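Subject: Structure handover

Hello,

Here is the structure I promised you. Please open it first, then read my notes below.

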Amino acid sequence: MNMHESTDANSRAVELNCSFGHLPLKTPLLAASGCFAYAEPFAQFVDLRLLGGISTKGISPLPRHGNPLPRICETASGMLNSIGLENVGVDAFLRDKLPLLRELGVSVWVNFFGTDFETYIECARALGGADGIDVLEMNISCPNIKKGGIEFGTVPEVAHRLTRACVDVTDTPIVVKLSPNAGDIVGMAAAVKEAGACGVSLINTITGMAIDVRRRRPRIATTYGGLSGPAIKPIGLRMVHQVARALPGFPICGMGGILSGEDALEYLMAGAHCVQVGTACFAEPGAIVRITEELRGLMGELNIATVADAIGCLEALPPEVEYRAPR
Amino acid sequence: MPAAQFDVRVVENRALTGGYFVLEFEAARPVPIAAARPGQFVMLRGDWGRELLNPRAFSILHAPDDRHFSILAKVYGRGTARMAALAPGDPMTATAPLGVGFPAARAGVTQLLVAGGVGLPPLHLQARVAAREVGPRSVELLYGGRNRDDLVLLEDFARWGVQTHLATEDGSVGARGYVTVALRERIELARARGEVIELLSCGPTPMLRAVREIGLAAARPTYLCLEENMACGFGACLGCAVPVHGPKPYRYCCSDGPVFDAREVRW
């Protein structure tokens, strides 16, 4: 490294082009599923072509109307939501929403889910046949679905069978979005890898609740909801790191509480190959573009020239020398 | 009209009675806010670090030009508590104008503006615009609160020549009781006169429910400006669902509203 180079020169030299497995990305920063709709509401605020990619709102075979209200509430350094996987359904998505996404020239990740094996497979097959989808992000982890969905996200054998069944019906790469509510996150990642997933996204929201003591009621209608935001970042980092260490080279898309370039770099250092930004986009529709520039600047400052150089570059703490009391 | 996100600074934080305060802002650059319709809103967030993530929604009280706007607020939670303490020069980030506003005033129709508490701002702006563009007799304000201190900015209505009907629960000013009593009487008067009226309302949900029932029973066009928890304000988070009649069970307070036809709302 040339110590006389300015930080500006360094950040110009930073290369954010990167890859997730075989998939090229313009930058490692994607919009997170559920936080970016199908991108249209953001077009008035930000040049969407500057994003590395977009993960859509979760798509199911049939449209879903979502949960009763209240659906969201703010908590300390985060928010709870229980939207209920509201979406337009596969047919309307392919007809009305995908064309805009396809035109942007960014990586298009279509998040999808079913309510049982058959509907997962039906959804993977329908979406997998469409042009312009780079990744099918299989959501096996949403806390806001009632019918038996919890096992998909928490039992490795079930996740393996479901992933294999979906991989078998499409040539589009499948990334499985894992639940932090799983007891064994490494076991879950290993199971879906073995079943043919090209990578994993982690973490989804963490189940939580909040109470209005004056009204003696839960603050969201379904009682429990998914916690997101900076409150969950330490958990996301820990899980990314555990999976990265156990499955070296297996692509991980990290997420959970990224608000700044430094947050994104933490995830890359923990072992994520790319990251998604979710809750931050609500308050600041242009958050991803700002975070991209912050990441570029910070990498320049730290003399990290490429995303590949950042991934997993975390160094273990040196072991402490054994203490011997003076005699 | 597309919305924009922009930096603003506080020009003035003016305390009113009843814990209400008016915040006036100046935008760092020209923004499309002067064309905001009454009922449209702004999302505001201060330098709140990582503790409070989401911006807060406020009806636009006034936007005289493309650099300035104001809101009316009252301390309700952690966000508004911080806003009450803002001083001139303090920065915030604004996203505006958002949502769909009230139908415009027009000749031949009297719009009855039914306001409760912190629901005044969109009706205040409606009256301001109506008085200027159609004439002060095209609108009348029916305004209710717990007591005299709850009723603010009345001098503006007087200045514009807009008639007001006040009601307080303790009777400290205007009629004693709820504003809906005054509303019923006014609707009866309109019926007797053969006057064409519309109801436009904003305020606490129990009041809006009552206004909705009165408006529907009288078969008069009734528009409600609603409030729901929202994270984004522009149709992305889907948090602010409003139950409606129709092909789908929900529409969105931020992007389909906040103003809804009372017939559509499924309460």
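Let's start with one residue. Val10(B) sits in strand β1 of chain B. Helices (H or I, at least four residues) and strands (E, at least two) are DSSP runs, numbered from the N terminus.

Before going on, note that this is a predicted model: local features need pLDDT of at least 70, side-chain atom pairs count only at pLDDT 80 or more, and totals for chains, interfaces and linings use all residues. Residues are numbered from 1 along each chain as its sequence is written, chains are lettered from A and ligands numbered from 1 in the order in which they are written, and side-chain values use heavy atoms, with hydrogens and water left out.

Back to Val10(B). Is Val10(B) buried or exposed? Val10(B) counts as buried because its relative accessibility is 4%. Buried means under 20% relative accessible area, exposed over 50%, and partly exposed in between (1.4 Å probe, protein chains only). Leaving out residues up to four places away in sequence, Val10(B) touches several others, including Leu23(B), Phe25(B), Leu86(B) and Pro88(B). Contact here means heavy atoms within 4.5 Å.

Next, where the chains meet. The contact takes 31 residues from chain B and 38 residues from chain A. Together the two chains bury about 2700 Å², with 59% of it on carbon and sulfur atoms. Buried area is the accessible area (1.4 Å probe) that two parts lose on being put together, summed over both. On the chain B side, Arg50(B), Leu53(B) and Phe234(B) lose the most area to chain A, together 27% of what that side buries.

How many salt bridges cross the interface of chain B and chain A? The rule finds three. A salt bridge is a side-chain nitrogen of Lys or Arg within 4 Å of a carboxyl oxygen of Asp or Glu. Arg50(B) pairs with Asp263(A) in a salt bridge, at 2.5 Å from N to O. Arg78(B) and Glu74(A) form a salt bridge too, at 3.5 Å. This pair runs from helix α1 (residues 78-84) of chain B to strand β5 (residues 72-75) of chain A. Arg78(B) counts as partly exposed, because its relative accessibility is 37%. Glu74(A) is buried, with a relative accessible area of 17%.

Over all chains, the count comes to 25 salt bridges. One of them joins Asp261(B) and Arg263(B), at 2.7 Å from N to O. Arg263(B) is exposed, with a relative accessible area of 60%. Shared partners also link Lys233(A), Asp263(A), Glu266(A) and Arg50(B) into one salt-bridge network.

Last, look at helix α2 of chain A. α2(A) covers residues 90-103, which makes 14 residues. A kink of about 50° lies at Lys97(A), shortly before Pro99(A). The bend at a residue is the angle between axes fitted to the seven residues ending there and the seven starting there. Among the buried residues of α2(A) are Val90(A), Phe93(A), Lys97(A) and Leu101(A). What covers the buried residues of α2(A) includes β4 (53-55), β7 (107-112) and α3 (117-128) of chain A. After α2(A) comes Gly105(A), with a positive phi near 75°.

Best wishes

Terms used:
The expected span of a helix is 1.5 Å times one less than its number of residues.
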